[in-house]
Amino acid sequence: MPINISPTFVGIDVGGTFTDFVVWQNNALRIHKVATTPDDQSRAILQGLRELNLLAGGPLLILHGMTVATNALLERRGALTALLTSAGFADVLVIGRQNRPHLYRLHQERPPLLAADGRRLEVAERLDAGGNVLQPLDEAALAGIAQQLVAAQAESLAIVFLFSYRNPTHEQRAAQLLQELLPALPISLSSEILPEYREYERTTTTLINAYVQPLVARYLQRLEQSLAAAPVAALRIMQSNGGVIGLRQAAAQAARVVLSGPAGGVVGAFAVAQQSRRQAQPAASAGEGSDRGADHDTDRILTLDMGGTSTDVCLCPGYIPTTGESSITGLPLRLPVIDIHTVGAGGGSIAFADAGGALQVGPRSAGAQPGPACYARGGLEPTVTDANLVLGRLDAGGFLGGGGAVQLDRAAALRALARLGAQLGLSAEAAALGVVRVANATMERALRAVSIEQGYDPRDFVLLPFGGAGPLHACDLAAALDIRRILCPATPGVLSAYGMLVADLRAESAQSVLSLAADLIGDPSPLLVAAADLERKARSILAPDEGAEDGAGGEHTAWQRSAALDLRYRGQSYELAVPLALPVSAAHLQDAVEAFHAAHAQRYGYAMRGEAVEAVTLRLRVSLPGPPLALPQRPLAGPDASAARLADCLVWFDAAAPRRSRCYARAALQPGNRIAGPALVLQYDSTLLLAPGWRAVVDAFGNLWCENSGVAGSEEEKREIHA
C-alpha cells in the first residue's frame, strides 16, 4: 500500500562478518554495524534496529540485501529439488556445455547436480521451434509424476519444457495440475523465470530458482514475522541487477537475489561518484585553497568492495554494467546481474603455507564465527585483518568506535602471524607483509580482469574503495595499476547498505526474438508487440508493492523505461547487449546495430559491418526512482587538518622498519582539509591507509579524494609529516 507519511529509510546489508545499517532520518544519515548471525540473519537485523531505537516510532521503509540464496548455493544446502522436462531431455544437466574450467587438468570434477538422478523426471509433450504444438501434453501422466515427487521427497520443482519460451501453455498446464495434487510444493516455470532460448542455461537458471526459493521464502517470512510488531511500512529486497523489489516478488523469484549484497555496493559507489560529478569538488592536486571542479569522468570508476570474506570489483564506464551471462558455483545464471568479479580475498581470509611452503591467502575465511584471531572469539589462524593489525594499520582501541562489540587483540594476532612466520622462516611482521601482498595480488588480478582484459585502461578510471577493508588496500592497488586518483566515500564500511537505500524499485523482463535485425528494421511491429507485453509484465510486478496502477494501461508519472537488445553476428554463439531507444522504431533499431558494431570492436578488437546481425533477445526494464537523499554539503574550512590529528603511530610499509605516520579522526576532518601520507584516517566503519607519496583532500560531502603525487620520501612530504 502507498506510504502516506514520510518514512525512515533503513538500508541493511548482511555480510559474512558484519550486518551494516544506514539510516536516513530527519535529513541526516546514521550508520551502525552488528555482528552477523549466520544461523539466522534476521536476529542481527532485529538487534541492529533495536540498538538504533527504530522499533518504535514512525514508519520504516527497509531495503535489505541478503546472502541466504548465495550461501545455499555455495554450501549446497538448498531444497531437495526435482526437474520435470520434455520426454527425452532429462539429461540436459549431465550433458551441459562440456566446458572445461581448467583446460589442462586431466581429472576434473563437475559440481553436484541440483537435481539428482532420481529427481529428474520426464513427461510426453513437444513444441516446435516456433511454439506450435507437435505433441499435446500427456495430462494423464501427471498423477504418476506427482507420486514420484512424493516418493523422492522433493521439496521444490522446476518445470522446463522444450521451446516453452515461445509458448508457455504446456508448462502452465502441468504446473496447474501438479499444484492441485501437491498444493504445498513450490513450482518454478522456465517460461516465467527465463523465457529465453538456450535449453541448458534456461534449465540451470530455473533449477537455481527452485533450489533456493523455499529457503528464501522461509527466511523472508520469518523476517516479516519478526518485524510484525515494528512500524514497518514496506520491506524491499535488493536484486542482483541493482534494483529493489517487493517481498512477495523476491520470495517467488529467489534467483534474482543471489548476488544482492555486492550489487548494493556498486549502486552505492556509483551514487557517490555521480554526486561528486554533479557538484564542484576540491581536487587533491590543486593549489592551496583551490576549489577546482571534479573531472568530467568522475563517474568512470573501478569499485573495490573488500569485506570480511571476499572482494568484489566492478568497472563502471559512466554507467552500471549488467550482464546476463554470469555463473555461480559453476552453474550458468542467465538473469540480469551487475557485472561483478569476485575473488576470495577479504579481511577474514585465512593465510597459510601450502604443501610446497608457499604463502597462500584465502579463499577459506574465518567468517563471523570465530572470525580473525584478533577478534578473540576462538580463532587461531592468521587472516588479512590480523596482518593489518600487526602492521599497525588498524587501531585496536578504536575499532568500530572503541568499546564496541569487537575488541581487537593485537597479541593474539601477533601470535597467529608468528606461527605462520615460523613456517616460512620470517618474522611476524614480515609474514604479515607477505599476507597483505598476496591478498593485494589476488585483488589486482581481479581489477585487471574487469579492466584490461575487457579493453579498458584502468588509468582512465578513479578507484573507489569501500567495505570494511577496502580503503586499507586502495593505495597499493592503485599504484600497481598506475591509477592516480582514489575516491574514498564518507562511510566506506557501510556503502553496500547505502546503495540499497538509494536503489530504484525495479523489474526486468525479457523475451527471445531470434530474427535478423534487417528484417526487424523493415518491420518493427514484432518488437513493438513484444515490448508492450514485457512492459505490462514488469509493471504488474512492481504495482502491488508501490500501490500504483496495475499496469494494464494506467500511467504512473514516475515510471521509467529502458530497453536493450542482445545482438550477434549471424553464426556466432554469443551476444552483446546494447541499448535500444524507446519507442521501438526502425531508426532506433539501426542505432542499436551501430552500437553493437562499436561494442564488438571494444570487446573483441574488431567489427564485421558487412555481416548480417541477428537480434536474439529483447530486454525491458521498468523502474521507479529510489528515495531522493539530499546529502548536505558543508562549506570549505581550509587546508589545515591539525584539529583532527590524533597521536602518531608506527606503520610497517616494508620489512626494514616501521614508519612514523600521522593519524586522523575522520569525523573531525573538515571540507578542504589536506593531509599527506604516510597517514591513517580512522573512523567507525573503516580505516584509510594513505601510503607514502599520496595526498588527500576532503570534499564538501566528506569524501576523501586521494592522489598519488609521485614524491614519496621527498622533502615536501617530510615537511608535511614532521610539521
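Tutor: Leaving aside neighbours within four places in sequence, Thr 70 contacts Val 258, Leu 259 and Ile 328. The model is a predicted one.

Student: In which helix does Thr 70 lie, and is Thr 70 buried or exposed?

Tutor: Thr 70 belongs to helix H2, residues 68-74. With a relative accessible area of 14%, Thr 70 is buried.

Student: How are two packed helices described?

Tutor: One gives the angle between the axes and the distance between them. Here, helix H11 (residues 410-424) packs against helix H12 (residues 428-450) at about 85°, and their axes are 8 Å apart. H11 is therefore roughly perpendicular to H12.

Student: Which residues of H11 and H12 meet?

Tutor: From H11 come Leu 414, Leu 417, Ala 418, Leu 420 and Gly 421; they meet Ala 428, Glu 429, Ala 431, Ala 432 and Val 435 of H12. By class, this contact has eight nonpolar residues, one polar and one charged.

Student: How is a pair of aromatic rings described?

Tutor: The description uses the distance of the centres and the angle of the planes. In one of them, Tyr 456 and Phe 461, the ring centres are 5.9 Å apart and the planes lie at 85°, so the pair is edge-to-face. Tyr 456 is partly exposed, at 21% relative accessible area, whereas Phe 461 is buried, at 3%.

Student: Where does the charged end of Arg 300 sit?

Tutor: That charged end sits over the ring of Phe 461, at 4.5 Å from the ring centre.

Note on methods: Residues are numbered from 1 along each chain as its sequence is written. This is a predicted model: local features need pLDDT of at least 70, side-chain atom pairs count only at pLDDT 80 or more; totals for chains, interfaces and linings use all residues. Side-chain values use heavy atoms; hydrogens and water are left out. Axes are lines fitted to C-alpha atoms, for helices over the stretch in contact, and angles run from 0 to 180 degrees between N-to-C directions. Helices (H or I, at least four residues) and strands (E, at least two) are DSSP runs, numbered from the N terminus. Angles under 35 degrees count as roughly parallel, over 145 as roughly antiparallel, 65 to 115 as roughly perpendicular and the rest as oblique. Contact means heavy atoms within 4.5 Å. Ala, Val, Leu, Ile, Met, Phe, Trp, Tyr, Cys and Pro count as nonpolar, Asp, Glu, Lys and Arg as charged, and the others, Gly among them, as polar. Buried means under 20% relative accessible area, exposed over 50%, partly exposed in between (1.4 Å probe, protein chains only). Rings of Phe, Tyr and Trp (its six-membered ring) pair if their centres lie within 6.5 Å; planes under 30 degrees apart count as stacked, over 60 as edge-to-face and the rest as tilted. A charge sits over a ring if NZ of Lys or CZ of Arg is within 6 Å of the ring centre and within 35 degrees of the ring normal.
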